[in-house]
Amino acid sequence: MTASTETRKFEAEVSQVLHLVTHSLYSHKEIFLRELVSNASDACDKLRFESIAHPELLAGEGELHIDVSWDEQARTVTVRDNGIGMSRDEVVANIGTIASSGTRRFLEAMSGEQKADARMIGQFGVGFYSAFVVADRVTVLTRRAGAPVEEGVKWESDGKGEYSLEQVELGERGTTVVLHLKADEDEFLKRWQLASLIRKYSDHVAFPIRMPKEEAGKPTAEWETVNDAGALWTKPKSDISDEDYQSFYKSLGHDFNDALAWTHNRVEGSQSFTTLLYLPAQPPFDLMMGGRDERKGLKLYIKRVFIMDAAEELLPNYLRFVRGVVDADDLPLNVSREILQHNRQLDRIKAACVKRVLDLIEKLAKDEPEKFATFYKAFGNTLKEGIAEDANNRERIAKLLRFASTRGEGAQQAVGFDDYIGRMKVGQDAIWYITADSYAAAAGSPQLEAFKAKDIEVLLMSDRIDEWMLGSLSEYDGKKLQSVAKGEVPLDEADRKKQEEAAKAAEPLLAKLKELLGDRVGDVKVSARLTDSPSCLALSDYEMAPHLARLLREAGHDMPESKPTLEVNPKHPLVRRVETEGDPAKANDLAMLLLDQAEIAAGAQLPDPAAFVQRMNRVLLG
């Protein structure tokens, strides 16, 4: 060991990843080649971008390429690129430690109930470690573009907790990864196998992937390109097959599944650009586990020069599930991320991308309902964020939303606002809905009873985001959205007269309930909502639903205390018992139970569950 060589331990979480990779990932072992080629492509992209401002970085090999070779005698597979390369510090940061929270989420996913599978690797930014699926030792030789020859770095590890670092002389920039294969991985020492994997996973990488030609079963010194090496999105659509589109999507999105749909467009004019946008069939892992704070959406190119990944400036957050590329002709090539954020041309591209995506989703909804149902199940809640975030497209987004309904098929979210309006009763001027924390709670709410009796359809909204979303959606197509739990129930003249008479007759009962319930309620009224149940809660127009308030409190938010309005059905036997009960203690128990069950049905949190149980026991025992 020389003076410039040192041995270090991996970070604890990296060691866990390596243990999982080497002991748990048995399916799709060939993923390692896709990931290493993808890393090499990224390195070439980064050099091409940096060379715009610093052309001297391309000194030496001007043509960027990726070489894949094998050696049956040494039992090695080598992936080399002449891209940006890494310095010693970058090697430590990128391989020896955790570069992002993705590794932690990877560990959580792999350690949970989900079956360990190598297909997950690329989606968590830990692709380099996939080398250890097939190799028992990995050597990396790298030198950063522009660095002196003597500042090369050699990294080596057997994946068992330690790695060595050594400073070496390297005549060429870029990175070479040498995999010393395990004893049972002979299949990857065959040229045809490696070439077929490159064509399967990396055919549309925009750099030549070269392999040595073979004669008499032996590699020669002559190299040939084995991938398409063209930017798919620049080709005419008529020259691209569905299989080509799907293959490109899988290499772009680290996905083994086909895309659900895509849209490929070229815009010509004062501002020219190409977009190729995909809808995944299922939520990508970064959407499920990274959410809004970590984006992996669109790649931005300018004249086929890679500029940036995860370009959130190209799509709003509520469309973060979209994958694809945008290639602009006329953005300044030296543009930086900060300038991009304030670029008017980019705003126009963003608006075009949003339009194309919404057009694509609308087409699915109209022409391919089964695919749309798959899309909505995966991304419906994410799409709902657009109601609050994108006022310009609010009506278009609302048109795409689907809900369960009192006239629908169970919990299936298949009823849109247009469906609802098409079935509205004569004279009905509002779209009625109820929010709850589950479909069962919504469908079984006592607040629906009068609407069912009058055959008025109600949308059943049970996703957590619904109540928040409705704060930005007060009407659709000129029809007001109205909660069945808020405001007054629609009554005709005859019903209104009956309601007034019932309220007057129940005045002594209401006064007794107000006295018994005290400061637990703001008011007690006779309900026009109830036909079968004894009680329910009613909310003011601007009051938050109890189930949402409970969730926010559980999440640590300070929520103002509000006193509910209790509505009662004076015809119900339990309410009549309160009216006739002469024992003050029993009357108090009955009144409190009326409020307790109304709060439970509304999804509120009981202030004293133990007291509720005791009251219930006393009433049951008589």
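1. Helix 17 and helix 20 are roughly perpendicular to each other. In this predicted model, helix 17 covers residues 507–517 and helix 20 covers residues 584–601. The two pack at an angle of about 90°, and their axes are 9 Å apart.

2. On the overall make-up: the protein chain has 21 helices and 22 strands. Of its 622 residues, 52% are buried. Among contacts in the chain with a separation of 6 or more, 70% are between residues 24 or more positions apart.

3. In soluble globular proteins, nonpolar side chains tend to be buried together. Here the largest nonpolar core has 67 residues. Those with the most contacts inside this core are L279, L319, V322, F375, L383, F417 and L459. Helix 9 (residues 344–367) supplies the largest share of the core, nine residues. Another core lies apart from it, with 52 residues, including L64, I95, L165 and V205.

4. Leaving out residues up to four places away in sequence, L459 touches F403, A404, S405, V415, F417, Y420, I431, W432, Y433 and I434. One of these, F417, is also listed with L459 among the residues with the most contacts inside the largest core.

5. How many disulfides does the structure hold? The number is zero. A disulfide is a covalent bond between the sulfur atoms of two cysteines. Two cysteines can be looked at individually. C353 is buried, with a relative accessible area of 0%. C536 is buried as well, at 1%.

6. Most residues other than glycine have a negative phi. R75 has a positive value, near 55°. R75 sits in the loop between strand 2 (66–71) and strand 3 (76–81). Its relative accessible area is 23%, so R75 is partly exposed.

7. D477 also has a positive phi, of about 50°, although it is not a glycine. The loop that holds D477 runs between strand 18 (475–476) and strand 19 (479–483). Is D477 buried, partly exposed or exposed? With 46% relative accessibility, D477 counts as partly exposed.

8. T176 belongs to strand 7 (residues 174–181). The relative accessible area of T176 is 16%, and the cut-off for buried is under 20%, so T176 is buried. Apart from neighbours within four places in sequence, T176 is in contact with T78, V79, R80, T139, V140 and L141.

9. Where does L539 lie? L539 is in the loop between strand 21 (535–538) and helix 18 (546–554). Not counting residues up to four places away in sequence, L539 touches A485, K486, G487, M544, A545 and P546. L539 and E488 are 51 residues apart along the chain, and their C-alpha atoms are separated by 9.9 Å.

Methods
Residues numbered from 1 in each chain as written. Predicted model: local features only at pLDDT ≥ 70, side-chain atom pairs only at ≥ 80, totals over all residues. Heavy atoms only, no water. Axes fitted to C-alpha atoms, helices over the stretch in contact; angles between N-to-C directions. Helix = DSSP H or I, 4+ residues; strand = E, 2+ residues; numbered from the N terminus. Parallel < 35°, antiparallel > 145°, perpendicular 65-115°, else oblique. Core = buried A, V, L, I, M, F, W, Y, C linked by side-chain atoms within 4.5 Å. Buried < 20%, exposed > 50% of the residue type's maximum accessible area, 1.4 Å probe, protein only. Contact = heavy atoms within 4.5 Å. Disulfide = S-S within 2.5 Å.
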